[in-house]
Amino acid sequence: MTPDPTSAAFRFGYGLPLPAKAPTDPAAMLAALRGPDVMATTHPGPRMADLTEPMALAASLLKTHRRTQGAEAEAARAQYRQTVAALQTTALNAAKATFARALDAPDGLRERLSWFWADHFTTVPRSRDAAALPAAMVDEAIRPYLTARFADMLKAVMQHPAMLIYLDQTISFGPNSRVGLRRGKGLNENLARELLELHTLGGGYTQTDVTQMAELLTGLTVGKKGPTFDARRAEPGAETVLGTAYEGDTLDAVLRALDDLAAHPATAAHIARKLAVHFVANDPDPGLVNALTSAWQDSGGDLVAVTDRLLTHPAAWNAGQAKARQPFDFLVASLRALGLTGSDVQRMAEGPFRRMILQPMAAMGQPWQAPPGPDGWPEAPEAWITPEGMASRITWAMEVPGRLVTPLPDPTALMARALGPNASDRLHWAVPRSENIREGVGLVLASPEFNRR
Amino acid sequence: MDRRLFLKALTGTACSAAAHPLMTTVTLAGSNGAAPLGDHRLVVVILRGAMDGLDLVRPSGDPLLAAYRPNLVAIPGPDLTGYFSLNPRLSGLMPMWRAGQLGFVQATSTPYRNQRSHFEGQDILEAGTGLDLPDGRVRDGWLNRMLQAVPGLTSQTAFAVGGEAAPLLQGAAPVSNWQPDLRLDLSAQSRLLLDHIYHDDALFREAATEAVSLTESMDSTRMSDGTAPPPSDDRRLADTTRLIDFAADRLREDTRIAAFSLSGWDTHRNQTGSITLPLRRLEHMVLRLQDRLGAEVWGKTLLLAMTEFGRTVAENGTKGTDHGTGGAMLLAGGALKGGRVMGPWPGLDEAALYQRRDLMPTSDVRAWAAWAMRGLYGLDRSLLETAVFPGLSLGDDPGLLA
């Protein structure tokens with residue numbers, strides 16, 4: 001089958017116009033995905049290697065500030081603020097890079113999949129000095145594994161500081177471990193629970209499985225030099241999760257359990273459905289979900305095989321736009337339609353970037369990297385197309401493009417470029433009747449067909 | 001049963017938490033005649049950043065206070081009870097206190113202890129689930145769970161107002177969110193054309209119609225009474241004014257519940273200065289609400305202002321205070337039996353302090369909210385102790401309402 005380029009752009013990319021050399025048939029899209037991650041080097045993001053040291057410095061300065069008085073405390077505070085400000089700038093640059101990649105990527109599918117997996121493994125900074133961690137996790141534990149086995153991505157994520165800190169693994173101790181006994185510390189089940197509920201199975205486990213998983217995970221933490229397994233914090237003895245016993249208080253035992261969870265049929269069904277929901281429809285065709293589940297199981301969780309099945313299943317190319325573009329998608333698609341490139345975004349100063357991009361995105365309901373919980377952003381169109389969300393989208397569409405682009409494009413030409421055959425008769429009728437170019441552009445970007453996918 | 005799962009079962013979020021819309025599509029106000037909640041209005045304000053309860057309502061009758069916080073009590077405030085006095089920045093509230101429409105709770109807190117993190121403290125305050133919180137997915141707030149127990153509500157019944165998320169109102173029950181700063185300045189022609197392009201898409205049509213009608217109602221109320229901010233108002237209070245005016249205008253109509261937050265309470269240094277603006281905003285908020293609601297609706301209103309935890313009893317080396325435990329709550333409204341400082345007073349002796357540093361909490365902040373909802377809406381005690389605040393024991397009726 002040969003799906004049309006418009007559907008490919010809306011369903012698996014960031015819309016029209018397609019960037020140069022953009023693949024639009026499934027085989028070419030898959031081939032591009034297996035090729036090098038060009039965007040990761042064109043618009044580089046933060047790495048843990050650059051974050052570990054300043055984060056440790058910030059922590060020690062804060063301690064000094066609390067323990068000392070007078071001038072010493074003030075000096076520590078000043079240096080702490082400086083260090084945190086630098087980390088926050090890194091995070092802001094990472095936000096720009098995320099937009100820039102989505103704008104420039106010939107293979108929009110890679111960016112869309114990165115977003116999907118980053119959302120599947122949601123992390124949120126829990127303190128100001130942790131602001132750049134989620135972006136580092138995307139580059140180190142998500143993007144390199146888009147064509148690997150799911151188990152490999154899972155193991156990379158579960159050992160990344162962004163996840164270990166966000167879901168409290170760094171404060172979980174085996175109650176009978178050496179450190180636990182000495183300091184009177186105990187378990188925190190947060191990561192164990194979300195690992196079973198959100199990241200893998202999606203259900204069908206018991207509270208005992210959670211507790212056992214939490215005991216098994218003890219030892220996994222973030223040390224001064226990065227993620228590590230500290231046997232002195234690990235709960236002694238074997239743990240049994242879903243009927244399998246894991247012996248040894250070692251990282252290896254944890255990794256074996258993660259392999260088993262990744263291979264569990266419930267994981268295949270859970271994530272297959274999530275993929276279909278995210279890319280196609282909230283109430284996806286059961287045939288598509290089944291096909292993805294079997295592709296997952298037949299290949300042992302090979303994400304190339306699963307993506308291949310998604311791209312080649314007829315139900316993935318059905319007509320209609322059942323999903324709403326999330327605010328990030330809406331903004332990327334708008335910027336692309338207006339002709340902005342990644343380097344235009346990279347060149348924006350902090351103030352304009354915040355005022356014209358991040359703050360409006362928050363007003364539309366999607367504050368940058370701050371989803372309401374570890375289950376990430378909602379998928380239902382009703383969650384986004386709210387009165388508040390629409391007021392923000394319409395206002396942005398009418399007011400911001402004129403500040404970004406001079407002169408503004410002709411609205412009718414914009415409609416053709418950004419929507420192609422998806423532009424409705426009603427929009428064709430309305431756009432030429434707008435009173436001025438600014439409002440005409442606004443109508444195109446505020447239209448249902450532009451805000452759906 | 002695991003309490004978390006229990007809660008999920010109650011709130012119906014067991015299988016599809018992620019599939020729940022943040023809010024439902026809109027039913028326009030006036031579509032239901034009798035409001036299912038009756039006539040009472042509840043306004044909940046979250047004071048973010050840990051308000052210093054001992055600076056709000058000062059136990060001036062205890063000589064220890066001046067020893068703990070010499071800099072913070074340098075300027076005395078008006079007397080409340082002979083033992084407690086009010087922060088001088090709130091003197092404008094004294095007429096309301098004398099009218100019995102203002103009250104306080106001292107030494108109260110959520111069950112949160114030891115960690116003193118704003119992030120977790122606010123989560124626990126708004127989820128109302130006691131200590132079972134680290135699960136970020138059961139994120140409906142207690143105010144939404146209260147609404148879930150009442151049939152026949154419309155999305156206009158409750159409003160979360162302002163840009164900061166109001167997790168305590170989030171959940172499965174229909175709730176409207178609005179930021180008074182949002183404008184939708186459209187030319188007549190654009191409005192017409194938007195109507196045209198949304199015509200065939202119900203989701204977009206309803207959301208946009210509601211957005212237009214909300215912004216229009218704001219503009220028209222503003223125009224009808226020509227509300228220039230009052231003379232004493234300065235620009236830093238203007239945001240609060242917009243927030244309150246929007247909430248008050250909704251509360252005068254079908255809305256029964258409004259929630260928003262007021263931040264800026266994290267006063268680690270030079271507290272006498274840094275707490276001034278948040279206190280002025282708090283005072284302004286209460287007075288403006290009273291004024292804007294009008295006597296009749298104010299008479300049916302109860303406002304609760306609560307914070308994630310209190311602050312250290314002693315001031316720190318930078319004339320501020322650090323994160324503590326027991327805090328205070330402010331209550332106001334014509335429906336309140338005020339003129340009281342409520343809650344058992346634990347005293348300031350070092351031995352009476354929590355971990356020898358914080359005011360000892362003697363009540364659960366959730367219990368005051370629960371009694372308020374019971375008084376205003378007649379909710380069952382058992383419902384409050386299970387669905388709304390799972391695991392809470394309400395204790396004796398403090399008789400909050402006039």
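This is a predicted model: local features need pLDDT of at least 70, side-chain atom pairs count only at pLDDT 80 or more; totals for chains, interfaces and linings use all residues.
Helices H5(A) and H17(A) sit oblique to each other.

Two packed helices are described by the angle between their axes and the distance between the axes. For helix H5 (residues 70-104) and helix H17 (residues 327-337) of chain A, the angle is about 55° and the axes are 10 Å apart. Why does this pair count as oblique? Angles under 35 degrees would be roughly parallel, 65 to 115 roughly perpendicular and over 145 roughly antiparallel, and the rest go down as oblique; with an angle of about 55°, H5(A) and H17(A) are therefore oblique. The crossing of H5(A) past H17(A) is right-handed. On the H5(A) side, the contact comes from Phe99(A), Ala102(A) and Leu103(A), while H17(A) brings in Val332(A), Leu335(A) and Arg336(A). Sorted by class, that makes five nonpolar residues, one charged residue and no polar ones.

Most residues other than glycine have a negative phi, and most peptide bonds are trans. Against that background, the bond joining Leu16(A) to Pro17(A) is cis, with omega about -5°. Pro17(A) belongs to the loop that links helix H1 (5-12) to helix H2 (26-34) of chain A. Another cis peptide bond links Thr406(A) with Pro407(A), this time with omega about -10°. Pro407(A) falls in the loop between helix H22 (401-404) and helix H23 (411-419) of chain A.

Still in chain A, Glu379(A) turns up in the loop between helix H19 (350-363) and H20. Is Glu379(A) buried, partly exposed or exposed? A residue needs 20 or more other C-beta atoms within 10 Å to be buried and 12 or fewer to be exposed; Glu379(A) has 18 such neighbours inside 10 Å, so it counts as partly exposed. From Glu379(A) to Ala430(A) it is 51 residues along the sequence, and the C-alpha atoms of the two are 30 Å apart in space.

Of the 402 residues in chain B, 53% are buried. Among the chain B contacts with a separation of 6 or more, 75% are between residues 24 or more positions apart.

With strand S9 (residues 327-332) of chain B, S4(B) pairs in the antiparallel sense, over five bridges; here Gly103(B) faces Leu331(B) of S9(B). With strand S10 (residues 341-342) of chain B, the pairing of S4(B) is parallel and runs over two bridges, and Phe104(B) has Val341(B) of S10(B) as its bridge partner. Strand S11 (residues 363-364) of chain B likewise pairs with S4(B) in the parallel sense over two bridges, with Ser109(B) opposite Asp364(B) in S11(B).

Gln355(B) lies in the loop between S10 and S11 of chain B, and its phi is positive, about 55°, even though Gln355(B) is not a glycine. Arg356(B) is in the loop between S10 and S11 of chain B too, again a residue other than glycine with a positive phi, near 55°. How covered are these residues? Gln355(B) has 10 other C-beta atoms within 10 Å and so is exposed. Arg356(B), with 9 C-beta neighbours inside 10 Å, therefore counts as exposed as well.

Finally, there is the meeting of the chains: 42 residues of chain A are in contact with 41 residues of chain B. On the chain A side, the elements that each supply two or more residues are helices H11 (190-199), H20 (381-384), H21 (387-399), H24 (425-430) and H25 (437-446). Which element gives the most? That is H21(A), with eight residues. By class, the chain A side that touches chain B splits into 18 nonpolar, 13 polar and eleven charged residues.

Key
Residues are numbered from 1 along each chain as its sequence is written. Chains are lettered from A and ligands numbered from 1 in the order in which they are written. Two strands pair if DSSP finds at least two bridges between them. Helices (H or I, at least four residues) and strands (E, at least two) are DSSP runs, numbered from the N terminus. Two residues are in contact if their C-beta atoms, placed from the backbone, lie within 7 Å. Ala, Val, Leu, Ile, Met, Phe, Trp, Tyr, Cys and Pro count as nonpolar, Asp, Glu, Lys and Arg as charged, and the others, Gly among them, as polar. Axes are lines fitted to C-alpha atoms, for helices over the stretch in contact, and angles run from 0 to 180 degrees between N-to-C directions. A crossing is left-handed if the near helix is turned anticlockwise from the far one by less than a right angle, and right-handed if clockwise.
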